Amino acid sequence: MRGDRYSLLLAVVLAAVGVAGACGGSGTDVANPPGVGGNGSGATAGSSGTGGAIVDVSNDGLTSLKLTPENPTVTVKSGQALPTVQFQVDGPNGQVSAQWLIDRAEIGSIDQNGLFTAAGKAGGQATVEATVGTEKLSTTVTVNIETEQNGGIESDGGTTGGGVGGVGGEGEGGAIDAALRALLEGPLTADAELAFLYPYDSTVWPLGLLSPLLQWKAGPSAVADGVYIHLKGKYYDYKGFFGRPKPLPAGAPFVRHPIPQDVWDAATLSAAGDTLTATVVVAAGGVAYGPINESWTIAAGRLKGTVYYQSYGTKLAKNYSGAIGGDGMFGGATLAIKPGATDPVLVAGKTGGHADCRVCHSVSADGSRMVVQHGDNYQRSSSYDLNGGYAEAPYPASTDTQLGWVGLYPDGSIGVGNAVPLPGNANGASSGLYDMQTGAALATNLASFVTRAGFPAFSPNGKKLAFNFYAGPGDATVGAGDGKKLVVMDFDKATGNVSGAMKVYEASNPPGWPTFLPTVDGLVFQVELPSSSNEYFATRYGAKGELWWSDLATGTAHSLDQANGKGYLPTGSANHGDDSVLGYEPTVSPIASGGYAWVVFTSRRLYGNVATIDPWWSDPRDHDLTQTPTTKKLWVAAIDLNAKPGTDPSHPAFYLPGQELLAGNARGFWVVDPCKNDGSDCETGDECCSGFCQADPQTQKLSCGKKENQCSQEYDKCTTDADCCDKSLKCINERCSLVIPR
């Protein structure tokens, strides 16, 4: 995706019906936009640049048209008016009228007179197009953003336990004086212990997330007086200065600070498809220490869909007693969180007794159905209509054991039963195919190959089924089931039958929780490692696991070392000597975004200096978790698409913002949101049941509707690659998506 694709789409639609000034807007508003603080100074740069305007010459009698200025550059500076550029088209007899378009609304707008005004929301390059008759001319405008900030929005109530802004910490610090700022910008002294704890170097970030909480360890600089945060990209330069946050007690270490949300939004938009560097300097006792540096990649796309996960200790539902600390109550429930949300919402479960606990869940890829087990009887399940206000429909008792951890077809209509002994004894004695509306058994030939399938999972297109081959006759190529193989088979929904088994992993360390890449050419899964746990694929009592992937064409498997954190994760006391073996239960988003697949998984790793207790301390009945967060949390990592078999296509993971800090969170199912009917508001086509999000040529409003263009934009529905307007997009899981990041 290149910026806001709808500004270009809208411009094209409006140009087609002869409406001038499609992107509109002009003026010289004072620049104090998102990511641009009001404490800086400096002059707005004039236009510059070299190169010529591009002309599409048509045989309409017009000749020698020229668009000026050519490739100008402007700079947005905090506290100053938003810069403008006056474009014009000249012909043989002087200036001529034109229709003006711009392809990136976050960069700026252009009015019907050709006046460009920087938006201040992002730096970067935008294409300006002028149309005179049937002749088109274009050039680029480059916008740089240089901004400074002294002090942020301070919080009086932020604590380590409660969390601030969905990521933890004490919030932003206040302004500092000139002397402290001069110290932070002056000569620096080394602190051998000063180092980043979170985020990790080389992390790939999507757009649209809550800003991360920068966390570091320190020696002499720990009890700091102020911090200087510098973010720099090709088109964006931010300098932020902050004092100690108000909630931080006197004498306490000052070793974390958030990036302000508006700054993060502007920085990542400006660096989309490129890199962003982060530098931290701290001052303590009249000495400035640092710098510490990291470089991140910013994907040119937002995360899509919703993560449904189970939580033990949630404050949204309390149905268990015996908790140490607080009011002695804690909750077991299934929650939902969208990328960018500051808090989760309750989906299944409520306050009451054990019978009101709802965890151990499965969700269909289209986000329409969730199946959840009952807390007072894990063998019993209920279906939740995610399109209908989370309405619960219990399955009859005759289905007990059959539907626990069921593998749901993408539309939630049918499911394959799990038959391996997961904690809670919710598994059946054999795997069957079931109608997920009623729970009734359906005809299938599964038993001719596999009698006990573990962790069954369908591909996003419904054409393949993956599972741990726990038991069954198998065939001459794969062999019999023994719990050590991961198998993928073709699936025919019309008949309910499977065929064409392929073994994609086999080892003494068994595989589980397979999940397909959106390209359906690879699987991500967990490998269970030897540990002190005596439970099958548990995440507690010392259980250990790693994330792996396998290429379906060759059956070649490889560990996802970067996502696991091999060789770079911080270490600590209390059993955090190697957190790279504490990864479990992956699921991959059905939609590729920004040229990557995105996997969410459970990890008990250290979360910087916010969650640092023993990784196995997550049961509120055994430990007081009301003030100190457990490390049992959800993390997300980017995975390269079309990776070479036998290589590691993953990148360092990031903490999923917005989940409750004081709860143990696990088993995140990543699915698309329920689709919207025609006429509903939308941003991208994947939100719409029709598959298309269209701009109304009269109102300029985006809404779901029938396909009206000759091709599909990014995230619009497609059948083949040829359907996509941008030839760098590919048709992945029936959506036009980037395959190679840009």
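Two strands are said to pair if DSSP finds at least two bridges between them. Strands (E, at least two residues) and helices (H or I, at least four) are DSSP runs, numbered from the N terminus. The structure described here is a predicted model, in which local features need pLDDT of at least 70, side-chain atom pairs count only at pLDDT 80 or more, and totals for chains, interfaces and linings use all residues. Residues are numbered from 1 along each chain as its sequence is written, and side-chain values use heavy atoms, with hydrogens and water left out.

In strand pairing, D90 stands opposite Q95 of β6. Strand β5 (residues 88-91) and β6 pair in the antiparallel sense over 3 bridges. Both belong to an open sheet of 3 strands, ordered β2-β5-β6 with antiparallel pairing. Because β2 (66-68) and β6 (94-96) each have a single partner strand, they stand at the edges, and one side of each is left without a neighbour in the sheet. From one strand to the next, the twist averages 45°.

## The nonpolar core

A nonpolar core is a set of buried Ala, Val, Leu, Ile, Met, Phe, Trp, Tyr and Cys residues joined through side-chain atoms within 4.5 Å. Buried means under 20% relative accessible area, exposed over 50%, and partly exposed in between (1.4 Å probe, protein chains only). The largest core has 107 residues, of which F116, W216, L231, W598 and Y607 touch the most other members. Contact means heavy atoms within 4.5 Å. Apart from neighbours within four places in sequence, F116 has contacts that include V74, P83, F87, I102 and V143.

## An enclosed helix

Helix α3 (residues 261-270) is largely enclosed by the rest of the structure, because 7 of its 10 residues are buried. These buried residues are V263, W264, A266, A267, T268, L269 and S270. Their cover includes the strands β11 (135-150), β13 (204-207), β15 (226-232), β16 (236-243), β18 (274-284) and β19 (287-302).

F467 lies in strand β34 (residues 464-471) and counts as buried because its relative accessibility is 0%. The C-alpha atoms of F467 and V488 are 6.7 Å apart, although the two residues are 21 apart in sequence. Among the residues that F467 touches beyond four places in sequence are F449, F455, K485, M489 and P514.

P460 is found in the loop between β33 (452-458) and β34, and with 16% relative accessibility this proline is also buried. Its contacts beyond four places in sequence include P410, F516, P590 and N733. E170, in the loop between β11 and α2 (178-185), is buried at 7% relative accessibility. A polar contact (N or O atoms within 3.5 Å, one able to donate a hydrogen and the other to accept it; residues adjacent in sequence count only if both atoms are side-chain atoms) of 2.6 Å joins the side chains of E170 and R256.

## Salt bridges

A salt bridge is a side-chain nitrogen of Lys or Arg within 4 Å of a carboxyl oxygen of Asp or Glu. By this rule the count is 23. In one of them, K232 and D237 have their closest N and O atoms 3.1 Å apart; K232 is partly exposed at 40%, whereas D237 is buried at 16%. D482, K485, K503 and E506 are linked in a network of salt bridges.

E546 and K566 form a further salt bridge, with a closest N to O distance of 2.9 Å. Because E546 lies in strand β39 (residues 544-551) and K566 in the loop between α4 (561-564) and β41 (583-588), the pair ties together parts that are 20 residues apart in sequence.

Notes. Axes fitted to C-alpha atoms, helices over the stretch in contact; angles between N-to-C directions.
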